Amino acid sequence: MTTLTASPRLRGFGTLTATQGRLFLRDTGSVVFAIAFPPLLVIGIGLALPGMRAPITDLPEPWAGMPAIHLFAPVALALAVATVALSTLPSQIVAERELGVLRRMATTPMRPQGVLVAQVLVNLCALVAACVLAIAAGALVFGTPAPVAPVAAALAFVLGAAATAGVGLLIAALAPKASAANGIGMLVYFPMLFFAGMWTPGPTMPDTVAAIARFTPLGAMSQALNAAWFEGGFPAAELVVMAAYIAVLYPLAARLFRWS
Amino acid sequence: MTTVVRVDALRKSYGSRHAVRGVGFTVEQGEIFGILGPNGAGKTTTVEALAGLRHADGGTVSVLGIDPQRDPAAIKEVLGVQLQEARLPDRITVSEALRLYASFYPAPADTDELITGLGLAEHRDTRFAKLSGGLRQRLSIALALVGNPRVAILDELTTGLDPQARRAVWDVVERVRAGGVTIILVTHFMDEAERLCDRLVIIDKGKVVAEGAPAELIRGAEGERVFRMRLPVPFDQVRDRLQDLADVDTLTTVADEVEVRGGAHALPAVVLSLAEAAVVPDGIRTLSRSLEDVFVEVTGHSPEPVEVSA
């Protein structure tokens, strides 16, 4: 046989991802929210909160004299990631299960890991587009600098989003209903944002909190982004933490996955 | 004939509820094989075990030589399944759904041919949410066939459809079988089973309570025939000679008619005997049992009225 036959695991994965992507684009409300939320968040935080544009004086280099809004750039991305990974993604999967969309697919050779990864990829693409817009908005409105190490920043973002999505996949596997998925999602949403520096961005996070935070998916992403964005280092340890989450959470979610 | 599906002593419990308690049957190649039974009889659990979607507690299942319990991945490559309570995303179109599902299989059917064959050509760009119940069922059949399966399981195919749509779907099923696909049809519609199935089992409370071709089941094991006639003469005048006939079992009067129960030759024997006595009946009608009668006899209750799905 000279025909190229994809292994059963991968067969149809491309078509599934493309179809999920098309279906996502048809849902205008979701698209507008997904794409517009991160840039509006950055602009909103910067304009609405008092003191965001004033330089902070008591910070160490390289942060000295930076306005607070710059420190919030990685946090805004973390917030966007958390919203998609912990709310949008598990709700989508559980809704498909409740409707019987997954039950229909259960009878085909498509495997759970294909379904999960396709959903993550579509959401990741939307997130990347939205966050590029958010960075551009921050640069235009507040003069937020571009990351010093763009490749490391991009890597940190993608790995962090994928790792946090792993938590969302686990929630989708465990939650019996969409309402439960939302509840569990919110339960981990705020602690994860806390570790991402929502209330103590960048270097203002206490050392002990930061030491714990770097072992959470979103905290690791936030710290890796800080390093790549402002310090110019390569955040190897954080990247390893995020990769480890992916390596553990995805197979676990696929194993616990229920079609109906 | 080749046996393509073999189920033996299948058992499955959910907690303390015994859904399937030793179901067994075989399906031959090219058949339309029916699985009938009241709601909760264990039909869906049985087909889910066949499709590798549900792990059985005991018994053996073999489909096309594959054990779906041991190798669910392998069975999904060769089996087409249409399940109850399954649907598609609202925004997917007919042709997108078929292309998507075709991409899951090693040697899929031509999606355009399926679309045309199932009368979906005008609706190929219609989104799932906008399809009528009948069109959704046709799409569902198309999806069950898109992997070019040799065996297809169709579960509660026409539930919620209007009579016209049901007949259209029946035609489709017969065409599919003519194309060489063995079909397992799960239904609780007696007329559907009678019309489509070559053979069937009736399952009740997790067990097979009757098995055979619809005509066989209707005829009953003893081959009993029942007919009623109106006579131009008083019944007493001919009672004795009819009573003596070997094929006649019982004679009763029902209103102005005489009901005769007997073997396969009861009718000609009675007519002949009456002719010898120069009696010509005014009218004769045979009473035929329906599959529904059989169902009531073996399960002890009438087929449930069907809830129409929204």
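Two residues are in contact when they have heavy atoms within 4.5 Å of each other. Keep that in mind as we walk through this predicted model, where local features need pLDDT of at least 70, side-chain atom pairs count only at pLDDT 80 or more, and totals for chains, interfaces and linings use all residues. Residues are numbered from 1 along each chain as its sequence is written, chains are lettered from A in the order in which they are written, and side-chain values use heavy atoms, with hydrogens and water left out.

Let's start with A:Gly160, in helix 6 (residues 150–174) of chain A. Helices here are DSSP runs of H or I with at least four residues, strands are runs of E with at least two, and both are numbered from the N terminus. A:Gly160 has 0% relative accessibility, so it counts as buried (under 20% relative accessible area; exposed is over 50%, partly exposed in between, with a 1.4 Å probe and protein chains only). Leaving aside neighbours within four places in sequence, A:Gly160 touches A:Val81, A:Met221 and A:Met242.

Now for salt bridges: a side-chain nitrogen of Lys or Arg within 4 Å of a carboxyl oxygen of Asp or Glu. The structure has 23 of them over all chains. One joins B:Lys43 to B:Glu156 at 3.3 Å, N to O. B:Lys43 sits in helix 1 (residues 43–50) of chain B, while B:Glu156 is 113 residues away, in the loop between strand 6 (151–155) and helix 6 (163–178). B:Lys43 is buried at 5%, and B:Glu156 is buried at 5% too.

Finally, A:Arg22, A:Arg26 and B:Glu96 are linked in a salt-bridge network.
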